[in-house]
Amino acid sequence: MRRHQQTQILEFLQALNVAHGELRKSPGQEIALQLFAGCRNLALQAARFITDIEGEGTQTCASLEEYCEFLSHASPDGIDAYLIKRLQVKLNKIEALVRSELEPNRIEVVFFPYKYSMADSLESIWLAAIADPQCDVYICPIPYFDRLQNGDLGTMHYEGDYYHKDLPLIDWREYDVEARRPDIIFIHNPYDDGNYVTSVHPSFYSKRLRQFTDMLVYVPYFVYSVTDEIPDHFCITAGSAFAHKVILESEKVRSYYISAFKKHYGDKLGKPEEKFIALGSPKYDKCINAKREDFNLPDEWRNMISNKKIILFNSSLGAILKNSEQYLKKLRYILDAFHKRDDVVLWWRPHPLSEATLHSMRHQLLYEYNSIVSDYVREKWGVYDNTPDPHRAISSSDAYYGDWSSLVPMYQVTGKPIMIVNHDFLTDEIQFSPTCA
């Protein structure tokens, strides 16, 4: 029995209480008959509802049947204070049984990841929930859309097929959150309609989900370095606003969120000290627990790597948008520098939304970016990893070189070397390929 289900049963009983109040007003025979029939139907509905959940043989259902039997023998002509008192005694007994015999002992937890590459921000939580015998767990990957330049929703993407089939997966079209009203909902997308690059399906905006659960939990899909200062706009997204709880990786990060939230919302959306809690990040859990031998590599990659050291090269959205044309010049320079080395192999992992971001926000650079990628993939001297899971690259590599992004603090927990790209520095002038008209 879930709390929401017990609440529904108590709502049946509250309706019976209201009907008893109408009977106390000594209605005429016709109205009394209608009230008797209504009470009996409500009691039978409650009994069927309980049986569907708990099966046959509960004391609560037996008491509901006694209540119906009493009503069937009661005469509307004989309505008096004594009859109503006997009805109320029976109803009070039923309510006491609902609260004791049908005490909630199940919790329904649903996770709504969208991009598989970001699902590690929820993974260790759902593994713990799956291991809890009192939890009914559903992992429900949801679709997301590219944003067109005018802000409309474009192509829909769905990455549910990437998840391991042993997980308790459910199709997003089959999970009716409004009807099921899960006890806890976990999300990692905080933007609702506030992202210029992508949008999750509007049915899964945090503003809507909050209406159908007592506990909406937002876990950011990104983490921070200990030296980072966190801009306010990351702390006051829709996910932070509408979630009942926001799980953050450290007390330092929590202090930034509380400060920003107080500045923008005060206590209007819940007390920030209670909303934001520092429990760590599942992304760190994944990095610490993952091992190189846990992942399979394509034969082509193995042959390319051989006995060489592996440098994970990460290119981020923030660097693309900040540096624009200079970024692409530096990108060609970096690839050329590593191409000349025979002691290391480059493992390039671009941010999965790089192309979509350029298409939406820097369209004039998209041709040049795609040209760089095409050249790199065609020449086959380094690994090009556009798969959704970053942990294979983190575990397999020997060092990190790339942009400052949420991948850096994840990589830090491995203890391996890290070097950050300086996009303002170029030793050679590099000419762009012709851009499309």
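Q: What is the relative accessible area of Glu325?
A: Glu325 has a relative accessible area of 45%, which makes this residue partly exposed, a class that lies between buried (under 20%) and exposed (over 50%), with a 1.4 Å probe and protein chains only. The model is predicted, so local features need pLDDT of at least 70 and side-chain atom pairs count only at pLDDT 80 or more, while totals for chains, interfaces and linings use all residues. Residues are numbered from 1 along each chain as its sequence is written, and side-chain values use heavy atoms, with hydrogens and water left out.

Q: Where does Glu325 sit in the chain?
A: Glu325 belongs to helix H15, which covers residues 325-339; helices (H or I, at least four residues) and strands (E, at least two) are DSSP runs numbered from the N terminus.

Q: And how many Å separate the C-alpha atoms of Glu325 and Val18?
A: The C-alpha atoms of these two residues are separated by 71 Å, and Glu325 and Val18 are 307 residues apart along the chain.

Q: Switching to pockets, how much space lies in the largest pocket?
A: The largest pocket holds about 1400 Å³ of space. On a 1 Å grid over the protein atoms alone, a pocket is an open set of points with protein on both sides within 12 Å along at least five of seven lines, a cavity is a set where a 1.4 Å probe fits but cannot get out, and lining residues have an atom within 4 Å of a point.

Q: Which residues are the closest to the centre of the largest pocket?
A: Of the 47 residues that line the largest pocket, Phe234, Ser316, Leu317, Gly318 and Ser405 are the closest to its centre. By class, the lining of the largest pocket has 24 nonpolar, 16 polar and 7 charged residues, where Ala, Val, Leu, Ile, Met, Phe, Trp, Tyr, Cys and Pro count as nonpolar, Asp, Glu, Lys and Arg as charged, and the others, Gly among them, as polar.

Q: Which element gives the largest share of that pocket's lining?
A: Helix H14 does, with 6 residues. Other elements that each supply at least two residues to the lining of the largest pocket include strand S10 (309-315), strand S11 (344-350) and helix H19 (407-412).

Q: What about the second largest pocket, what is its volume?
A: The second largest pocket has a volume of about 550 Å³, and among its 23 lining residues Pro352, Leu353, Ser354, Glu355 and Ala356 lie nearest its centre. Two or more lining residues come from each of strand S3 (144-147), strand S4 (153-157) and H16, and H16 gives the most, with 4 residues.

Q: How many cavities of 30 Å³ or more does a search of the whole structure find?
A: The search finds 1 such cavity, and the volume of the largest cavity is about 50 Å³. Its lining is made by Phe112, Tyr114, Ile142, Ile187, His188, Asn189, Val200 and Phe204, which divide into 6 nonpolar, 2 polar and no charged residues.

Q: Asn189 is in that list, so is that residue buried or exposed?
A: Asn189 counts as buried, at 9% relative accessibility, and lies in the loop between strand S5 (184-187) and strand S6 (198-200).

Q: New topic: how many salt bridges does the structure hold?
A: The structure holds 22 salt bridges, each being a side-chain nitrogen of Lys or Arg within 4 Å of a carboxyl oxygen of Asp or Glu.

Q: Which residue does Asp120 form a salt bridge with?
A: Asp120 forms a salt bridge with Lys283, with the closest N and O atoms 2.8 Å apart. The pair links distant parts of the chain, since Asp120 is in helix H5 (residues 120-131) and Lys283 in helix H12 (residues 282-289), 163 residues apart. Asp120 is buried at 3% relative accessibility, and Lys283 is buried too, with a relative accessible area of 4%.

Q: And what do the side chains of Glu108 and Arg180 form?
A: They meet in a salt bridge as well, at 2.9 Å from N to O. Glu108 is in strand S1 (residues 107-112) and Arg180 in helix H6 (residues 177-180), so the pair ties together parts that are 72 residues apart in sequence. Glu108 counts as buried at 4% relative accessibility, whereas Arg180 is partly exposed with a relative accessible area of 26%.

Q: Which residues are linked with Glu108 in a network of salt bridges?
A: The network links Glu108 with Arg2, Arg180 and Asp183.

Conventions
Points joined across faces, edges and corners; volume = space filled by probe spheres on them.
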